[in-house]
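The following exercises are to be worked through with the sequence and the structure at hand. Each task is followed by a solution in steps.

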Amino acid sequence: MNYILEARELRKEYPGRLALRGLNLQIAPGEVFCLLGQNGAGKSTTINLFLGFVAPTSGAAFVNGVEVAAQPLKIKEYLAYIPEQVMLYPHLTGLENLSLFSSLAGFQYKEPELQAYLARAGLSTEAARRRVGTYSKGMRQKVGIAIAVAKHAKVLLLDEPTSGLDPKASNEFSELLRQLSAEGTAVLMATHDIFRAKEVGTRVGIMREGKLVDVRPTAALNAHELEQLYLTYMHD
Amino acid sequence: MSQLTLFRLLLTYEWWHFRAARGLVLLTGLLLATGLYGIYYGTTEIERQRQHLATLPELTHHNVAELQQKFPDSADAGEIGYYHTTYAAHHPDAWAALSLGQRDVNPYYVKLRLLGLQAQLYATDNVNPVKSLSGNFDLAFVLVYLLPLLIIALSFNLLSSEREQGLLPLLLAQPVRPALLVGAKLAFRMGVVLGLAWLLSAIGMGWAGVPLDGRVLLWLVFVTAYALFWFGAVLVVTALQRSSAVNAVALVGTWLLLVVLIPGLLNLGVAAARPVPQGLALTIKQREEIHAGWDRPKAQTMNRFFAHYPQWRDTATIRERFVWRWYYAFQHLGDVSVEPLAAAYARGLQQRFVLVEQLNVLSPAINAQTSLNALAGTDLPTHLQFQSSARAYHDSLRAYYYPFLFRQVPFTHADYAREPTHSFTSQPELPTAYRGLGKLLLTVAGTFALGLVLMRRRAISPR
């Protein structure tokens, strides 16, 4: 099987701290893999390693079969990233920010297309024309989602993406993820939100102290079982 | 998407950011206004000097008319030499308006009579010392001292602002080389700064009416290289990936070091390393020698004089109580007595200049100022050349008047017109400017090389 994301014995050590201890992970196209775990468990480090933001101490990460450390620029053509806090140029409008980041990704859209991407992410036409400096965190998050979608990436790397979104916007986001997944986009999402993970994830992985300690298909668990499983690992 | 297309896009986005940052637009406008004032100041000052110089022949004619009225027929040449004033004028090159250099502190004309030269050479008009202290506000000042501050204001947060705003993770997640991001940011700022510097230079050149020769290109290359040096410094600081505040302190500190501290220390160091006899000491010694001439036996004075001018040895022995040729002989001997001091003074100044030129590699600001002054013909060597020409002119006046004095030929009205005249126009010191440019280009290359090495050694961190 061809995996769009793969980690082989991926290890990351910072001075005085082992952040990731030999992670092995494969994610197929269309899969939504949710990483659960406490702060410092290694979720963000995993995402940063796939993004090439940090170099692995040993092991390798692959995106679409391309090793991240070998071709850090190439793999970014396949990836879109939504951080926990989407920060944008405050003096530019939502439209201008989307235009800027899409252009950097190699896509030059006309204004109606940009409006459509922002609308799909849940941002109104009026808001899209305002400066981002006036936006709430949730509105910025929506522009971040629009940037990711407009990139037509094969993989979405999401780090607590629904943090700051209201319940309605979170639901819209979940729906969007399901659509993208159905279109073949793979998703790796680090989250604390067990219920969101159950809702949109095809598999969940529980991380603890830099190790992926359990991986389960969400279809085999109900929300309560997933919560119990999570709490069990957190309390051991 | 090709790298070139991406680069163009990045430049467009930099324009968006620049346009939105009202403070930077205002600052750029302020520098433009400051530069225009610098051009106005320089051209006005040079025009004032030109107008002043233009009145000098008129003053001489007026003086001649007075003497012709005072001496209706002919006169003793000694009387004429005593009362007749003429001028050695230092005409500015058109470029002087852009870089006034030492034209404000050194006299641009010298009023001469047939008396001892040295005291006249240093007897200048009084100038307001506070005005001298504040210095010139010409275009060169704006470009050398203020332009780096605009570069710092535009670039101190080249990448750190994105990091501090939390934008870098999203930016670096795009398939764009970080080097291209930094390159585009630098290139845009270079475009703004160099566009401004070239625009001001073009306006200044047009306003000053400089001839369209190689110096136009030399000036532009120099200004470009100087601005690039500061962008190199920005690159080095950016590569260290510190906060905007640290970057600002580092760059302003560099500016203070290179533009204020090193020039000040160099000034003190050079003055200590190359001591120069005081001009006042020279004047006093000459005056004492001249005054002593009244009390010395005339034969002794004349014999010393004839040692310098043997062609007048056979002229009549002086028996009178006062004759002009004796008077001018001891005036002349006053100059002779301070010749070693005068030579040491000029040599010392020249040596100081040479030492400053050798050490200006320590500060591109000094190098730029020295070189632009050399290009405009307003530096110290040019002033020393003018003084040398004034000495030669005074020698020619003596050569003209002495036959009248020693052969006791009456000085007629027609003889005024045959009197030698003086004219000196600044010439650029191009070798100095070229040497300065060579050093500056090496400094620019070194700074950029350091910045690039630092950038390569440490990948840009998104956080």
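**Exercise 1.** Which strands of chain B does helix 17 (residues 380-406) of chain B lie across, and at what angle does helix 17 run to strand 1 of chain B?

*Solution.* The model is a predicted one. Helix 17 of chain B lies across strand 1, strand 2 and strand 3 of that chain. Its angle to strand 1 of chain B is about 155°. Helix 2 (residues 22-70) of chain B also lies across strand 1 and strand 2 of chain B, and runs at about 165° to strand 1 of chain B.

**Exercise 2.** Determine the order of the strands in the open sheet of chain B, and state which strands stand at its edges.

*Solution.* Step one: the sheet of chain B is formed by three strands in the order 2-1-3, with mixed pairing. Step two: strand 2 (109-112) and strand 3 (424-425) of chain B each have a single partner strand, so each stands at an edge with one side left without a neighbour in the sheet. Step three: strand 1 (residues 86-91) of chain B pairs with strand 2 of chain B in the antiparallel sense, over four bridges. As an example, B:A88 has B:V110 in strand 2 of chain B as its bridge partner.

**Exercise 3.** Describe the side of chain A that touches chain B.

*Solution.* Begin with the count: 22 residues of chain A are in contact with 18 residues of chain B. Strand 6 (79-82) and helix 3 (94-104) of chain A each supply at least two residues of this side of chain A. Helix 3 of chain A gives the most, with five residues. By kind, the residues of this side of chain A are 15 nonpolar, four polar and three charged.

**Exercise 4.** Examine the length and the buried face of helix 7 (residues 167-182) of chain A.

*Solution.* First, the length: at 1.5 Å a residue, the 16 residues of helix 7 of chain A should span 22 Å, and the end C-alpha atoms are 23 Å apart, which agrees. Next, the buried residues of this helix are A:S170, A:F173, A:L177 and A:L180. Seen down the helix axis, these buried residues fall within an arc of 80°, so they line one face of helix 7 of chain A. Finally, the buried residues of helix 7 of chain A pack against several elements of chain A, including helix 6 (137-150) and strand 8 (186-191).

Methods: Residues are numbered from 1 along each chain as its sequence is written. Chains are lettered from A and ligands numbered from 1 in the order in which they are written. This is a predicted model: local features need pLDDT of at least 70, side-chain atom pairs count only at pLDDT 80 or more; totals for chains, interfaces and linings use all residues. Two strands pair if DSSP finds at least two bridges between them. Two residues are in contact if their C-beta atoms, placed from the backbone, lie within 7 Å. Axes are lines fitted to C-alpha atoms, for helices over the stretch in contact, and angles run from 0 to 180 degrees between N-to-C directions. Ala, Val, Leu, Ile, Met, Phe, Trp, Tyr, Cys and Pro count as nonpolar, Asp, Glu, Lys and Arg as charged, and the others, Gly among them, as polar. The expected span of a helix is 1.5 Å times one less than its number of residues. A residue is buried if 20 or more other C-beta atoms lie within 10 Å of its own, exposed if 12 or fewer, and partly exposed in between; C-beta atoms are placed from the backbone. The arc is that of the directions from the helix axis to the C-beta atoms.
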